[in-house]
Every structure is written in structure tokens, then in C-alpha cells.
Amino acid sequence: MSRLTRVAAALALLLCASVGGIARGAVQDGPLDAAQRLELAYEAQRLFDEAAALETRNQVAARAGFAEAASIYRRIADSGVSNGELMLNLGNALVKSGEPSRAVAAYLDAERMLPGDARVRDALASARSATSSRLGPVTGVGPLDRLASAWSALPLPARAWIGLAGWLLLWSVVAAGILTGWRRGFPWRGTIATAAVACALPAATVGVDVLRASLDRPGVVIADAVVLRKGNGDGFAPAVEEGLPSGAEFTMLEERPGWLRIRLADGQSGWIRQGDALVCGR
């Protein structure tokens, strides 16, 4: 992404963001307003660009710069900003700083906010390949997931546009019928029925995908050799022999103080310590 594009995205997300509750050294302690977030976004952009310029000459310094940029992007996100471009920038900075597992979590958040975005898709695939996990992404196993797989080949934005086109066609036909007095000889019923289907079916798939995104809380293991246990405590036996690698993706099923019950890509479920993972959508 070009510098101008990233700055424009930062302006858009920060001008629309609500007041949050984080602090940074360059900003006084207390809630952040839009102007303070904008200041932080420019600082993160500056650090990212400087680190990118250092990559070929001093990789250690470059990684430190990317890490600082990622820290600022995370602070902006934690202040209450929910924006796909922000999470994409965070993921990019995390990858460059050598934290692909955390980057996967950021990209998964970006994917939910920017469905069908090729930049997010490609960045997520690259980050996944850089982790030590080979479990693969989690795919749904319930009836709703199996139903959704029938239309998943068509991106959500495309289905949304098809639904909108069907809706416009439907009301255009109705308006034309009223203006012409439902002139005989024209297949009004068939045309209206076709337009209604073209509107309702894509809209229903979009609604189901949005519902699934709100119900399924994806997450990523960010520590190495994490023990998946049969219960929410260290006294419970491991659910699998080998520890989970950093980068292993899961769906969160339940949360209790200090523990998460998760389901892995292979269907295995169990409990892990909350601090060993990042759950998206928080």
C-alpha cells in the first residue's frame, strides 16, 4: 500500500472513531480524541516508512521500527477504533517485525471488516506460511457452515451488489407497472418474481455470513508448545499429546477466567490459557 493510501485510510478511520481509553508517551494520559489518534497514526506511518528504508541496511533496527509502529497501531485499535485498514496496517507491521502469528490475528480481523479484499487475502496467506503451524485455517463443521460453503466461491461484496441490483430492478418494475397501469401483455408477475429472488437470495447469504462472523470468534495461538487440556485448569490432562504451535488457528467456543475453550481445524477441542492466544473481534 502506498504512503498516500495509508495516510488517507488513517484519516478516514480516525475522523470516524469514537473516544477510547489508551495512552501513549507522545499523548497525555487519558481518553484519546480523534486528533490524538490522528497524531498517533502519523507517528506509526513515519516509523513504518523509516523501518522500510532501513530493511536492506540494518535489519535489526528495521525490525525494532516495525515493532514500534505495530505497538502504536495496536494502541489505536485498543482505543475503540474498529477499522479494516487499521488492522491491515497492524498486520503488515507485525509481519515485518517478525511476529507472523500475531499478524494472522490482525489479518483475520481485517478480513472480517474488509471481506473479499485481495490485499488482506494475500497478506493472510503469506503470514500463515510464515508461522510454525501447519494445521491450516479453521473451517466450519455445522449445518450453517456447510450451507455457506455453497456460495462461498462468490465474494461477499459481489453478492451484496447482486442483491442491490435485484432490489433496484424489483422496484423499477413495480414503478413501471404503476405508471403504465400494469399494461397487458407484459409478464409483470414473472419479472417481479425474478427480481425478488435476485434480491432476496444474495441478501440472505450476506446476512448468514455476517451472522456467522458474529457467532464464530476466530483466534490464533501466539506461544509455542501450548498445552491443550481437557478442562480449564493445569490439573486437567492434555487433550492431545503434542503442544499447539504458534500460529495455530481456532474458533473460540467458551471463555472462563484465564482460560479459553477452543476448536481446532481438525475438530479437536479443549482448553488453553487465555494469555497464550489472541481472540479476534475484541
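Which residues does Y73 touch, not counting residues up to four places away in sequence? Y73 touches A44, Q45, L86, N89, L90 and A93, where contact means heavy atoms within 4.5 Å. This is a predicted model, in which local features need pLDDT of at least 70 and side-chain atom pairs count only at pLDDT 80 or more, while totals for chains, interfaces and linings use all residues. Residues are numbered from 1 along each chain as its sequence is written, and side-chain values use heavy atoms, with hydrogens and water left out.

**Nonpolar cores**

- The largest nonpolar core has 35 residues, and Y73, I76, L90 and Y107 have the most contacts inside it.
- Such a core is a set of buried Ala, Val, Leu, Ile, Met, Phe, Trp, Tyr and Cys residues joined through side-chain atoms within 4.5 Å; buried means under 20% relative accessible area (1.4 Å probe, protein chains only).
- Two or more residues each come from helix 2 (34-54), helix 3 (59-78), helix 4 (84-96), helix 5 (100-113) and helix 6 (118-130).
- Helix 3 supplies the largest share of this core, eight residues.
- A second, separate core of 13 residues includes L228, L244, I272 and A277.

**Sheet**

- Five strands form an open, antiparallel sheet in the order 4-3-2-1-5; two strands pair if DSSP finds at least two bridges between them.
- Helices (H or I, at least four residues) and strands (E, at least two) are DSSP runs, numbered from the N terminus.
- Strand 4 (269-273) and strand 5 (277-279) are the edge strands, each pairing on one side only.
- Strand 1 (residues 217-221) and strand 2 (residues 249-256) pair over four bridges in the antiparallel sense, and G219 stands opposite F250 in strand 2.

Definitions and conventions. Buried means under 20% relative accessible area, exposed over 50%, partly exposed in between (1.4 Å probe, protein chains only).
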